[in-house]
Amino acid sequence: MMVRIPNVLTAEQVARCREVMTKAAWVDGKVTAGHQSSQVKNNLQLPESAPEARELGGMVLQALARSQLFTSAVLPKQVFPPLFNRYDAGMTFGAHVDNSVRSHAASGITIRTDVSSTLFISAPEDYDGGELVVEDTYGRHSVKLPAGDMIVYPATSLHHVTPITRGSRIASFFWTQSMIRDESKRSLLFDLDMAIMRVAGDHPQHASVVELTAVYHNLLRQWAEV
Ligand code: NI
């Protein structure tokens, strides 16, 4: 299940990210790559412990906490402190799967990566190439979103970033351990939640709203790891 989450960051927050990043010290993105992915990864990152990453990462975490759509789609147990990367012309990240377990040295957080997220900070018209391509059983899905929008996708997916041919692409990326490990169950709960919200919007007094809400929470109660 891939879900687009619009307007995670406001235009002002995107501008703040870009301003901070122009002064930041970028390092080779291989610092957080595993053995296989380091061979296909060619980009830049802010170090996990950089003050810029902490400030902007905190801003992203606050935005996520306010996003009903993120909560519904991901059912987060623990979000990894957001990281930031940059691809300049010629840079790319070949096909890989994200590491299954991630530790963040500065905060001591260790999570199982269930859901991957990419939050676009560059505007799509500012660079060519740089599509995030996620593979699943239905084929390849190419993603390039407006600044401030985010895509969430299963961390189990093979994915890559196509080469940049003009400009620079800046994004935030991070992983989430979900309360629901099984992607099919997470997807089912998301579909149910969306349907309940639609019914509740169209027929707020209908008895099925409370009944379906009870089913949702009782499924969550059966499946959630908290
Ligand atoms: Ni990746």
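**Aromatic cluster, nickel site, strands and helices**

F80, F173 and W175 make up one aromatic cluster in this predicted model.

Q: How many aromatic pairs does the structure hold, and in which geometry are F80 and W175 paired?
A: The number of aromatic pairs in the structure is 2. In one of them, the ring centres of F80 and W175 are 5.4 Å apart and the planes stand at 80°. Planes over 60 degrees apart count as edge-to-face, so the geometry of F80 and W175 is edge-to-face.

Q: What is the angle between the ring planes of F173 and W175?
A: A pair of aromatic rings is described by the distance of the centres and the angle of the planes. For F173 and W175 the centres are 5.7 Å apart, and the pair is classed as edge-to-face because the planes lie at an angle of 90°.

Q: Is W175 buried or exposed?
A: A residue counts as buried when its relative accessible area is under 20%. W175 has a relative accessible area of 4%, so W175 is buried.

Q: Which residues are the protein donors of the nickel ion?
A: The donor atoms lie 2.1 Å from the ion. In sequence, the donor residues follow the spacing H-x1-D-x60-H. The protein donors are H96 (NE2), D98 (OD) and H159 (NE2).

Q: Are H96 and D98 buried or exposed?
A: The limit for a buried residue is a relative accessible area under 20%. H96 has a value of 4%, so H96 is buried. D98 has a value of 13%, so D98 also counts as buried.

Q: Which residue in strand 13 is the bridge partner of L132?
A: Strand 12 (residues 132-136) pairs with strand 13 over 5 bridges, in the antiparallel sense. The bridge partner of L132 in strand 13 is V143.

Q: Is S142 buried or exposed?
A: S142 is located in strand 13. A residue counts as exposed when its relative accessibility is over 50%. The value for S142 is 52%, so S142 counts as exposed.

Q: Which residues form the uncovered face of strand 8?
A: In a regular strand the side chains alternate between the two faces of the sheet. In strand 8 (residues 101-104), R102 and H104 form the covered face. The uncovered face consists of V101 and S103.

Q: Which residue in strand 9 is the bridge partner of S103?
A: Strand 8 and strand 9 (residues 109-112) run antiparallel and are joined by 4 bridges. Within strand 9, V101 has R112 as its bridge partner. The bridge partner of S103 is T110.

Q: Which residue in the hairpin of strand 8 and strand 9 takes a positive phi?
A: The hairpin has 4 residues between the strands. A positive phi near 75° is taken by G108.

Q: How are helix 5 and helix 6 oriented to each other?
A: Two packed helices are described by the angle between their axes and the distance between the axes. The axes of helix 5 (residues 183-202) and helix 6 (residues 207-223) are 10 Å apart, and the angle is about 160°. The crossing of helix 5 and helix 6 is left-handed. Angles over 145 degrees count as roughly antiparallel, so the orientation of helix 5 and helix 6 is roughly antiparallel.

Q: What is the handedness of the crossing of helix 1 and helix 3?
A: Helix 1 (residues 11-22) and helix 3 (residues 51-66) have axes that come within 10 Å and cross at roughly 165°. Helix 1 and helix 3 are therefore roughly antiparallel. The crossing of helix 1 and helix 3 is left-handed.

Technical notes. Residues numbered from 1 in each chain as written. Predicted model: local features only at pLDDT ≥ 70, side-chain atom pairs only at ≥ 80, totals over all residues. Heavy atoms only, no water. Donors = N, O, S within 2.8 Å, 3.2 Å for Na, K, Ca; no water. Buried < 20%, exposed > 50% of the residue type's maximum accessible area, 1.4 Å probe, protein only. Phe/Tyr/Trp six-rings, centres within 6.5 Å; stacked < 30°, edge-to-face > 60°. Pairing = 2+ DSSP bridges. Helix = DSSP H or I, 4+ residues; strand = E, 2+ residues; numbered from the N terminus. Axes fitted to C-alpha atoms, helices over the stretch in contact; angles between N-to-C directions. Parallel < 35°, antiparallel > 145°, perpendicular 65-115°, else oblique. Left-handed = near helix turned anticlockwise from the far one by under 90°.
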